[in-house]
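Biologist: Please show me the model, and then let us go through its contacts and packing one question at a time.

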Amino acid sequence: MHVSRSLAVALLLTCLPEGRLRAEGHEAPVADPKILLKVIDALESSGLDDLTSRDHREGGVRATYHLKSADYLGTLTWQGETVVLATAFYIRSRLADRDTPPARGHFFLVCLDAKASKVVAHTRQDVVPYHLDGEVLKRGNLAIIDFGNHDDLTRYRGYLVDGALLPYPFKDRITEADWESGAFKKQP
């Protein structure tokens with residue numbers, strides 16, 4: 001049986017979708033149009049101090065740490081697993097009965113599960129704003145992360161984002177134990 005080269009390539013590509021990253025920005029259709037509300041709910045229910053709004057006291061004076069804004073960036077799909085990508089910006093209020101402005105806010109890059117119901121990875125960032133261009137996270141025209149990178153070191157330590165590490169958000173991450181033992185190098 002003779003198969004043309006272009007048909008062979010097309011067949012090969014259709015057989016390999018699991019190994020390719022698919023990324024879609026915020027303008028793509030979403031499973032649930034209330035995606036941003038789900039992101040906010042996941043942040044607030046995460047139980048993570050950095051991602052949870054709360055009251056606190058500073059020197060006996062009430063202040064708040066609260067979500068000021070969130071931005072849905074898009075989705076990343078790798079080996080059948082989808083991750084929702086978002087940013088969140090939190091501020092600490094000025095202290096009650098004081099005129100001094102609050103400290104600058106805290107900005108986070110956040111990965112959530114496919115339903116946007118659980119935070120799976122996050123990192124604090126200093127520079128904003130980001131947008132997703134295909135599989136590349138960018139700030140303006142500057143490429144920050146290529147989410148198409150799934151090499152062993154990235155799967156172990158995560159993605160380097162403006163000097164901070166974003167833990168690798170997919171299930172094929174390499175654990176500390178697997179890294180130390182070299183188990184990830186063994187073929188199944």
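Biologist: With which residues is Leu-166 in contact, leaving aside its neighbours within four places in sequence?

Modeller: This is a predicted model, where local features need pLDDT of at least 70, side-chain atom pairs count only at pLDDT 80 or more, and totals for chains, interfaces and linings use all residues. Residues are numbered from 1 along each chain as its sequence is written, and side-chain values use heavy atoms, with hydrogens and water left out. Contact means heavy atoms within 4.5 Å. On that basis the partners of Leu-166 are Leu-109, Cys-111, Ala-121, His-122, Thr-123, Ile-145, Phe-147, Arg-157, Gly-158, Tyr-159 and Val-161.

Biologist: Which residues touch the most other members of the largest nonpolar core?

Modeller: A nonpolar core is a set of buried Ala, Val, Leu, Ile, Met, Phe, Trp, Tyr and Cys residues joined through side-chain atoms within 4.5 Å; buried means under 20% relative accessible area, exposed over 50%, partly exposed in between, with a 1.4 Å probe and protein chains only. The largest core has 21 residues, and those touching the most other members are Leu-109, Leu-137, Ile-145, Phe-147 and Leu-166.

Biologist: Which elements give two or more residues to this core?

Modeller: Helices (H or I, at least four residues) and strands (E, at least two) are DSSP runs, numbered from the N terminus. The elements concerned are strand E3 (61-78), E4, E5, E9 and E10.

Biologist: How many aromatic pairs does the structure hold, and what is the angle between the planes of Tyr-90 and Phe-108?

Modeller: Rings of Phe, Tyr and Trp (its six-membered ring) pair if their centres lie within 6.5 Å; planes under 30 degrees apart count as stacked, over 60 as edge-to-face and the rest as tilted. There are eight such pairs. Tyr-90 and Phe-108 are edge-to-face, with 6.0 Å centre to centre and a plane angle of 80°.

Biologist: How many residues apart in sequence are the parts that this pair ties together?

Modeller: Tyr-90 is buried at 0% relative accessible area, and Phe-108 is buried at 1%. Tyr-90 belongs to strand E4 (residues 81-92) and Phe-108 to strand E5 (residues 106-112), so the pair links parts whose separation in sequence is 18 residues.
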